Amino acid sequence: MKITTELVDYVSVLSRLKLPEEEKVQMAGELEQIIGYMDILNRLDTSDIEPMSHTFPVKNVLREDVVEDFGGRAALLSNAPAHDDEAFLVPKTVD
């Protein structure tokens, strides 16, 4: 596929880049090389290859959710710097 400077202008607008004129010709050549490599990959027969979402097996490293008793409100509030019998007390932040 032939990459023109007009196509480079279009891609630069989409990517919100401003390229100087001398870099547009260089970028067109680099994009042609990338597209050429993609054409090589497109010629590969992948009909027997199963699609995958990750290159490595993914497993959940988190523990199972288990409902546990947290020790009650008094134990929870005992670590608070300021509290009453029912809730944490925090400084007022809005007038």
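Helix 1 and helix 2 are roughly perpendicular to each other. The model is predicted, and the exercises below work through it.

## Exercise 1: The helix pair

Task. Describe how helix 1 and helix 2 pack, and state which residues meet and of what kind they are.

Solution. 

Step 1. Two packed helices are described by the angle between their axes and the distance between the axes.

Step 2. Helix 1 covers residues 5-14 and helix 2 covers residues 21-42. Their packing angle is about 90°, and the axes are 9 Å apart.

Step 3. Angles of 65 to 115 degrees count as roughly perpendicular, so helix 1 and helix 2 fall in that class.

Step 4. On the side of helix 1, the contact involves Thr5, Val8 and Asp9. They meet Lys24, Val25, Met27, Ala28 and Leu31 of helix 2. The contact residues of the two helices comprise five nonpolar, one polar and two charged.

## Exercise 2: The salt bridges of Lys24

Task. Which residues are linked with Lys24 in a network of salt bridges, and is Lys24 buried or exposed?

Solution. 

Step 1. Asp9 and Lys24 form a salt bridge, with 2.7 Å between the closest N and O atoms. Asp9 belongs to helix 1 and Lys24 to helix 2, so this pair ties together parts that are 15 residues apart in sequence.

Step 2. Glu21 also forms a salt bridge with Lys24, its closest N and O atoms being 2.9 Å apart. Here both residues lie in helix 2, three residues apart, which is about one turn of the helix.

Step 3. Taken together, Asp9, Glu21 and Lys24 are linked in a network of salt bridges.

Step 4. Buried means under 20% relative accessible area. Lys24 has 10% and is therefore buried. Asp9, at 28%, is partly exposed, and Glu21, at 56%, is exposed.

## Exercise 3: The salt bridge of Lys2

Task. How many salt bridges does a search of the whole structure find, and which parts does the pair of Lys2 and Glu32 tie together?

Solution. 

Step 1. The search of the whole structure gives three salt bridges.

Step 2. One of them joins the side chains of Lys2 and Glu32, at 3.4 Å from N to O.

Step 3. Lys2 is in the segment before helix 1 and Glu32 is in helix 2, so the pair ties together parts that are 30 residues apart in sequence.

Step 4. Lys2 has 63% relative accessibility and therefore counts as exposed. Glu32 has 27% and counts as partly exposed.

## Exercise 4: Ser12 and Arg16

Task. Where do Ser12 and Arg16 lie, and is each of them buried or exposed?

Solution. 

Step 1. Ser12 is a residue of helix 1. Its relative accessible area is 9%, so Ser12 is buried.

Step 2. The Ser12 side chain reaches the backbone oxygen of Asp9 at 2.7 Å. Apart from its neighbours within four places in sequence, Ser12 is in contact with Leu17 and Leu19.

Step 3. Arg16 is found in the loop between helix 1 and helix 2. With a relative accessible area of 77%, Arg16 is exposed.

Step 4. The backbone of Arg16 deserves a note: phi is positive, about 60°, although Arg16 is not a glycine.

Methods: Residues numbered from 1 in each chain as written. Predicted model: local features only at pLDDT ≥ 70, side-chain atom pairs only at ≥ 80, totals over all residues. Heavy atoms only, no water. Axes fitted to C-alpha atoms, helices over the stretch in contact; angles between N-to-C directions. Helix = DSSP H or I, 4+ residues; strand = E, 2+ residues; numbered from the N terminus. Parallel < 35°, antiparallel > 145°, perpendicular 65-115°, else oblique. Contact = heavy atoms within 4.5 Å. Nonpolar A, V, L, I, M, F, W, Y, C, P; charged D, E, K, R; others polar. Salt bridge = Lys/Arg side-chain N within 4 Å of Asp/Glu carboxyl O. Buried < 20%, exposed > 50% of the residue type's maximum accessible area, 1.4 Å probe, protein only. Polar contact = N/O pair within 3.5 Å; in protein donor to acceptor, adjacent residues only side chain to side chain.
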